[in-house]
Amino acid sequence: MPEAKQSDSTQTTQTNGSVDNVRSPLVTDMGTTTIAENVVAKLTGIAAREVPGVFGMGNAARRAFDTLTDRIPGSQTNVSGGVSVEKGEKQTAIDLTIVVEYGTSIVDVAEAIRRNVVRAVEQGTGLQVVEVNIDVTDVHLPEEDDTEDKPAKDSPELN
């Protein structure tokens with residue numbers, strides 16, 4: 001049976017696939033610290049976007065909405081789009097929806113995202129990340145950038 005990762009701040013022992021004991025820096029004799037799901041989602045979104053090969057996050061509707069809100073003066077960028085978090089008192093599970101750049105290895109990008117997300121969330125919150133599931137929904141082609149900026153050849157010009 002594989003052993004769970006151990007760190008100085010979090011130790012896990014497993015028996016028959018279930019977690020028996022999880023220590024956390026968030027639960028101490030002096031009190032308990034709680035982390036909101038949106039905090040985990042923001043840290044995850046930032047960490048995932050840092051990985052080369054990630055074009056965007058979220059499904060097509062989410063990306064379209066983010067594009068519109070980015071054009072509104074004074075609006076904040078939504079870094080948690082495409083991120084879903086299930087959080088307990090000491091552990092969290094994360095689901096990501098991404099679009100990758102054409103020509104990148106999806107396997108390599110996914111591994112890099114997992115490493116970066118686990119590091120960012122565990123160091124930033126003290127929560128143990130038990131899983132990072134990645135759903136790749138599209139591949140961004142370089143030609144798509146050219147067609148978005150130029151009007152179609154058949155479209156009439158307005159005077």
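Helices (H or I, at least four residues) and strands (E, at least two) are DSSP runs, numbered from the N terminus. By that count, the protein chain here has four helices and eight strands. Keep in mind that this is a predicted model, where local features need pLDDT of at least 70, side-chain atom pairs count only at pLDDT 80 or more, and totals for chains, interfaces and linings use all residues. Residues are numbered from 1 along each chain as its sequence is written, and side-chain values use heavy atoms, with hydrogens and water left out.

**The whole chain**
- Of the 159 residues, 30% count as buried (under 20% relative accessible area; exposed is over 50%, and partly exposed is in between, using a 1.4 Å probe and protein chains only).
- Take the contacts (heavy atoms within 4.5 Å) between residues at least 6 apart in sequence: 67% of them join residues at least 24 apart.

**How confident is the model?**
- The mean pLDDT (the predictor's confidence in each residue, from 0 to 100) is 79, and 66% of the residues reach 70 or more.
- Among the elements, helix α3 (residues 106-125) has the highest mean pLDDT, at 98, while strand β1 (residues 12-15) has the lowest, at 42.
- Over residues 1-20 the pLDDT is below 50, and this stretch has 30 contacts in the model beyond near neighbours in sequence.
- Residues 149-153 also stay under 50, and for them the model has zero contacts beyond four places in sequence.

**Strand β7 and its partners**
- Strands β6 (residues 83-87) and β7 (residues 91-101) run antiparallel and are joined by five bridges; two strands count as a pair if DSSP finds at least two bridges between them.
- With three residues between them, β6 and β7 make a hairpin.
- β7 and β8 run parallel instead, joined by eleven bridges, and Ala-93 stands opposite Glu-131 in β8.

**Helix α1 and its buried face**
- Helix α1 (residues 37-49) has 13 residues and reaches 18 Å from its first C-alpha to its last, close to the 18 Å expected at 1.5 Å a residue (that is, 1.5 Å times one less than its number of residues).
- Its buried residues are Val-40, Ala-41, Thr-44, Gly-45, Ala-47 and Ala-48.
- Seen down the axis of α1, these buried residues fall within an arc of 170 degrees, so they line one face of the helix (the arc uses the directions from the helix axis to the C-beta atoms).
- The cover over the buried residues of α1 includes β5 (54-57), β6, β7 and α3.
- Thr-44 is buried, with a relative accessible area of 0%, and apart from neighbours within four places in sequence it is in contact with Val-83, Ile-94, Leu-96, Val-117 and Val-121.

**A look at Val-139**
- Val-139 sits in strand β8 (residues 128-140) and is partly exposed, with a relative accessible area of 31%.
- Not counting residues up to four places away in sequence, Val-139 touches Val-99, Val-100, Glu-101, Tyr-102 and Glu-144.
- The C-alpha atoms of Val-139 and Ile-106 are separated by 9.4 Å, and these two are 33 residues apart along the chain.
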